[in-house]
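Have the sequence and the structure open side by side as you read.

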Amino acid sequence: MNFNNKKVLITGASRGIGKATALAFAEKGATVGINYRSNTEQAQKTCAELPGNGHHLFKYDVSKKEETEALIKDFVSHYGKLDILVNNAGISIFHDIDEVDFEHWTNAWENTFKTNLFAVANTSYWAAQAMMKSGGGRIVNVSSRGAFRGEPTKPAYGASKAAMNAMSQSLAKKLAPYKIYVGVVAPGFTETEMAAVTLTSAERENLLRESPFQRMAQPKEVAHAVLFLASEGAEYASGTIIDVNGASYLRS
Ligand SMILES: NC(=O)c1ccc[n+]([C@@H]2O[C@H](COP(=O)([O-])OP(=O)(O)OC[C@H]3O[C@@H](n4cnc5c(N)ncnc54)[C@H](OP(=O)(O)O)[C@@H]3O)[C@@H](O)[C@H]2O)c1
């Protein structure tokens, strides 16, 4: 896979899967825009680790609709074009229905959907405007195994990712005539801060047993699937959802 001269924007790229994806694109010749929300020091560290030149930080909160417009416009004015958008930023909040009060419940739903779904719809809107003008592009969305298998302690998370999958497939159909290809990667548990924060050690043990690999995914394994969907030659796979879950949850 070769991404020479490609300008790639990755949301939530300061750490975790986004960071691994940024590294993988940069290793294959891309220039990467690193979006993040708050931790500038971490984002600067990640940017400095990328091979090649021209990588740049874009500090925008994608859960705010006006910031999604500003992010894409800033990226296009900085680089002149947007070839690939990776919607990776996501949050995961516990809200067990038998434990939380109504306020916690509604906040969890609203905040999860703002970041995991509406942000993706909004960055995709502005990216599509730019890509339609420039003659095409690619959008890859980072979903989750939780979309398929249920998330009993975080139902908003599972629902947001299922909606993301459906939206991505709708956009794949709508945007193909414009040479804009849309794909999804659905990881299982992956060794990042999100997983560290949301898992108890007992849950971790159980999870390791779910996969015949008896381990979590490494962020770079998820990145590999993102790069495939964004690569030349993968156009006809538009609308696909690639599972990267160590055979822990299989669908056919
Ligand atoms: N880790 C897993 O086990 C797992 C499994 C399945 C799917 N996923 C999905 O993979 C994606 C990445 O997960 P991860 O584990 O790598 O997450 P992570 O380690 O928690 O990193 C999250 C990244 O997203 C950024 N971010 C969060 N909210 C943002 C916002 N509103 N605007 C801009 N940036 C924002 C953070 O930036 P700041 O630090 O600056 O806030 C950070 O760079 C998510 O969509 C997640 O749902 C993860």
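**A short tour of helices and loops**

With a relative accessibility of 42%, F118 counts as partly exposed. Keep in mind that this is a predicted model.

**Helix α4 and its partner α6**

- The C-alpha of F118 lies 9.0 Å from that of M164, although 46 residues separate the two along the chain.
- Helix α4 covers residues 102-134 and helix α6 covers residues 155-175; they pack at an angle of about 15°, and their axes are 9 Å apart.
- Because of that angle, α4 is roughly parallel to α6.
- The α4 and α6 helices cross in a right-handed sense.
- On the α4 side, the contact is made by W105, A108, W109, T112, F113, N116, L117, V120, A121, S124 and A128.
- On the α6 side, the residues they meet are P155, A156, Y157, A159, S160, K161, A163, M164, M167, L171 and L175.
- Sorted by class, the contact of α4 with α6 contains 17 nonpolar, four polar and one charged residues.

**Helix α1 and its partner α9**

- The axis of helix α1 (residues 16-27) comes within 8 Å of the axis of helix α9 (residues 219-230), and the two cross at roughly 55°.
- The α1 and α9 crossing is right-handed.
- From α1, the residues G16, I17, A20, T21, A24 and F25 take part, and they meet P219, K220, V222, A223, V226, L227 and A230 of α9.
- In the contact of α1 with α9, 10 residues are nonpolar, two are polar and one is charged.

**How α1 sits in the model**

- Helix α1 has 12 residues and spans 17 Å between its first and last C-alpha, close to the 16 Å expected at 1.5 Å a residue.
- Is α1 mostly covered or mostly open? It is mostly covered, with 10 of its 12 residues buried.
- The buried residues of α1 are I17, G18, K19, A20, T21, A22, L23, A24, F25 and A26.
- The elements that cover them include strands β1 (7-10), β2 (31-36), β4 (84-87) and β6 (180-187), along with helices α2 (40-49) and α9.
- After α1 comes G29, which has a positive phi near 100°.

- S14 is located in the loop between β1 and α1.
- S14 counts as buried because its relative accessibility is 7%.
- Apart from neighbours within four places in sequence, S14 contacts K19, I34, N35, Y36, Q42, A43 and T46.
- One of these contacts, K19, is itself among the buried residues of α1.

**Non-glycine residues with positive phi**

- K179 is not a glycine, yet its phi is positive, at about 60°.
- You can find K179 in the loop between α6 and β6.
- A247 also has a positive phi, of about 55°, without being a glycine.
- Look for A247 in the segment after β7 (241-244).
- A247 counts as partly exposed because its relative accessibility is 36%.

Methods:
Residues are numbered from 1 along each chain as its sequence is written. This is a predicted model: local features need pLDDT of at least 70, side-chain atom pairs count only at pLDDT 80 or more; totals for chains, interfaces and linings use all residues. Side-chain values use heavy atoms; hydrogens and water are left out. Axes are lines fitted to C-alpha atoms, for helices over the stretch in contact, and angles run from 0 to 180 degrees between N-to-C directions. Helices (H or I, at least four residues) and strands (E, at least two) are DSSP runs, numbered from the N terminus. A crossing is left-handed if the near helix is turned anticlockwise from the far one by less than a right angle, and right-handed if clockwise. Contact means heavy atoms within 4.5 Å. Ala, Val, Leu, Ile, Met, Phe, Trp, Tyr, Cys and Pro count as nonpolar, Asp, Glu, Lys and Arg as charged, and the others, Gly among them, as polar. Angles under 35 degrees count as roughly parallel, over 145 as roughly antiparallel, 65 to 115 as roughly perpendicular and the rest as oblique. The expected span of a helix is 1.5 Å times one less than its number of residues. Buried means under 20% relative accessible area, exposed over 50%, partly exposed in between (1.4 Å probe, protein chains only).
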